Amino acid sequence: MLRGKSRLNVEWLGYSPGLLLERRPLVAGRTPRSPGRNESSLASTLKTLLFFTALMITVPIGLYFTTKSYVFEGAFGMSNRDSYFYAAIVAVVAVHVVLALFVYVAWNEGSRQWREGKQD
């Protein structure tokens, strides 16, 4: 029924099937991107991810037990039940801080890679 209208006309969009297979000569002064830079970018991203994964596990748990034992029960003299509550709040805040730091670092790393790719 709608055979003609349901098909996407790529020539209308400015692309022809032959254009996609066409090889263009390199523009003077530009070199093709090296695969080594892409691999180092991937390694850097993986290191960042693993670092923040370790922080996400150790920082909230460490702060929970440290603040519960030394701060709330030790320094403030709170009961065991109250110290659990306040130490959990500290751990949740720590999770949010680590997550915000990860977003900040990932955002800056992405914009840095974009700028480097843009200058090539």
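A salt bridge is taken here as a side-chain nitrogen of Lys or Arg lying within 4 Å of a carboxyl oxygen of Asp or Glu. The views below are drawn from a predicted model.

**View 1. The salt bridge between K68 and E73.** Side chains of opposite charge can pair when their charged atoms come close. In this view K68 and E73 form a salt bridge, with 2.7 Å between the closest N and O atoms. By the rule given above, the count comes to one salt bridge.

**View 2. T53 of helix α3 and V98.** T53 belongs to helix α3, which covers residues 35-75. With a relative accessibility of 37%, T53 counts as partly exposed. Along the sequence, T53 and V98 are separated by 45 residues, while their C-alpha atoms are 9.3 Å apart in space.

**View 3. The two spans annotated as transmembrane region.** An unreviewed UniProt entry lists residues 46-65 and 85-107 under "transmembrane region". In the model, residues 46-65 are 100% helix and 0% strand, and the C-alpha atoms at the ends of this span lie 29 Å apart. Residues 85-107 are likewise 100% helix and 0% strand, with 33 Å between the end C-alpha atoms.

**View 4. The nonpolar surface patch that includes V93.** F85, Y86, I89, V93, V97 and L101 make a nonpolar surface patch of about 540 Å². One of these residues, V93, is placed in helix α4, which spans residues 80-119.

**View 5. The chain as the setting for the close-ups.** The secondary structure comprises four helices and zero strands, and the order of elements from the N terminus is α-α-α-α. Of the 120 residues in the chain, 12% are buried. Among contacts with a sequence separation of 6 or more, 58% involve residues 24 or more positions apart. The chain exposes about 10,400 Å², and 65% of this area is supplied by carbon and sulfur atoms.

Conventions:
Residues numbered from 1 in each chain as written. Predicted model: local features only at pLDDT ≥ 70, side-chain atom pairs only at ≥ 80, totals over all residues. Heavy atoms only, no water. Helix = DSSP H or I, 4+ residues; strand = E, 2+ residues; numbered from the N terminus. Buried < 20%, exposed > 50% of the residue type's maximum accessible area, 1.4 Å probe, protein only. UniProt positions renumbered as here; feature names shortened; annotations may be inferred. Contact = heavy atoms within 4.5 Å. Areas by Shrake-Rupley, 256 points an atom, 1.4 Å probe, with all protein chains shown as cover. Patch = residues over 30% accessible without salt bridge, like charges linked within 9 Å, V, L, I, M, F, W, Y side chains within 5 Å.
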